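Please look over the model shown here.

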Amino acid sequence: MTQHGLGRFDLVIFDWAGTMVDFGCRAPVAALIEAFARHGVPLDEPEVRTDMGKAKADHVRALLAQPEVSAAWLEANGAAPGEADVAALMDDLGPLMRDAAAEAAELIPGAADTVAALRAAGLKVASSTGYTREMMAPVLVRAAAQGYAPDHLVCANETPQGRPSPLMIYKACAELGVWPLSRVVKVDDAEAGIGEGRAAGCFTVGVSASGNGVGLSHAALAALDPSDRAARLAIAAASLRAAGADLVIETIAGLIPALSKAEFPG
């Protein structure tokens, strides 16, 4: 026996950058590159995107643990990186990320309509992010002005562990009174977020075109040769499926049609 559509869910939890705002997940890349540059360490975009979706302090730690980055830090600063350096980078990163995220907080096409449709179907809408609440403050204001204000938000450092642990999802479900976790959808563009959803026991949906895996603005993606675009989307989708995504959509605009057509056991 199978069940169809939205009726088997009570809550959808969305990521932010690359999923609901900031097509291409550009803001955190620019901010991290600038923060490290201030300490004499150049980063390239693929390095920065590897651990996207983690809490920003964990993302910084992951970058510093990369052998090439660690060696560059030692050369530029005279010592191997440690926790004091993580703190220094986060001091720089906070204002950089806040400004970059605010500038990039345009809703991805279809985001507001998708949320309206979910609410019309009786579902609750929550959100989680690797950003701190300070970084998110201007994003929330801009998103609300465009028609998106989730019922709940969990930010980095508000649970003992961030992604890919399931604790942010647990927090949202506990505070919204939603259970079991099989009645929750987690939507994310990064592998860490898909891992979070899998660890929590949610139905997970990956977002390929607008997210970290492709990493291009809406205009840049549209300008690609169709075969190049298709190849990049296929790579991004394969990475999300490998991380455990139950479904992969190109952008948030495809969520309702995908869930409506999906079949679920039970």
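**Sheet, helices and aromatic pairs**

In this predicted model, Val12 stands opposite Val125 in β3. Local features need pLDDT of at least 70, side-chain atom pairs count only at pLDDT 80 or more, and totals for chains, interfaces and linings use all residues. Residues are numbered from 1 along each chain as its sequence is written, and side-chain values use heavy atoms, with hydrogens and water left out.

Q: How many bridges join β2 to strand β3?
A: Strands are DSSP runs of E with at least two residues, and helices are runs of H or I with at least four, both numbered from the N terminus. Two strands pair if DSSP finds at least two bridges between them. β2 and β3 (residues 124-128) run parallel, and the number of bridges joining them is four.

Q: Which residue is the bridge partner of Phe14 in β5?
A: β2 is also joined to β5 (residues 184-188), in parallel, by four bridges. Within β5, the partner of Phe14 is Val187.

Q: In what order do the six strands form the open sheet?
A: The pairing in the sheet is parallel. β5 and β6, for example, pair in that sense over four bridges, and Val185 stands opposite Phe203 in β6. The order of the six strands is β4-β3-β2-β5-β6-β7.

Q: Which strands stand at the edges, each with a single partner strand?
A: In the open sheet of six strands, the order runs β4-β3-β2-β5-β6-β7. One side of each edge strand is left without a neighbour in the sheet, because each has a single partner strand; these strands are β4 and β7 (247-249).

Q: Are Leu11, Ile13, Val12 and Phe14 in β2 buried or exposed?
A: Leu11 and Ile13 point one way from β2, and Val12 and Phe14 point the other way. Buried means under 20% relative accessible area, exposed over 50%, and partly exposed in between (1.4 Å probe, protein chains only). On both sides of β2, these residues are buried.

Q: At roughly what angle do the axes of α1 and α5 cross?
A: Axes are lines fitted to C-alpha atoms, for helices over the stretch in contact, and angles run from 0 to 180 degrees between N-to-C directions. The residues of the contact of α1 with α5 divide into twelve nonpolar, no polar and two charged (Ala, Val, Leu, Ile, Met, Phe, Trp, Tyr, Cys and Pro count as nonpolar, Asp, Glu, Lys and Arg as charged, and the others, Gly among them, as polar). The axes of α1 and α5 (residues 83-103) come within 9 Å, and they cross at roughly 145°.

Q: What kind of aromatic pair do Phe9 and Phe203 form?
A: Rings of Phe, Tyr and Trp (its six-membered ring) pair if their centres lie within 6.5 Å; planes under 30 degrees apart count as stacked, over 60 as edge-to-face and the rest as tilted. Phe9 and Phe203 are 5.7 Å centre to centre with 45° between the planes, and their pair is tilted.

Q: Which residues is Gly195 in contact with, leaving aside its neighbours within four places in sequence?
A: Gly195 lies in helix α9 (residues 191-200) and is buried, with a relative accessible area of 18%. Contact means heavy atoms within 4.5 Å. With those neighbours left aside, Gly195 is in contact with Pro164 and Ala243.
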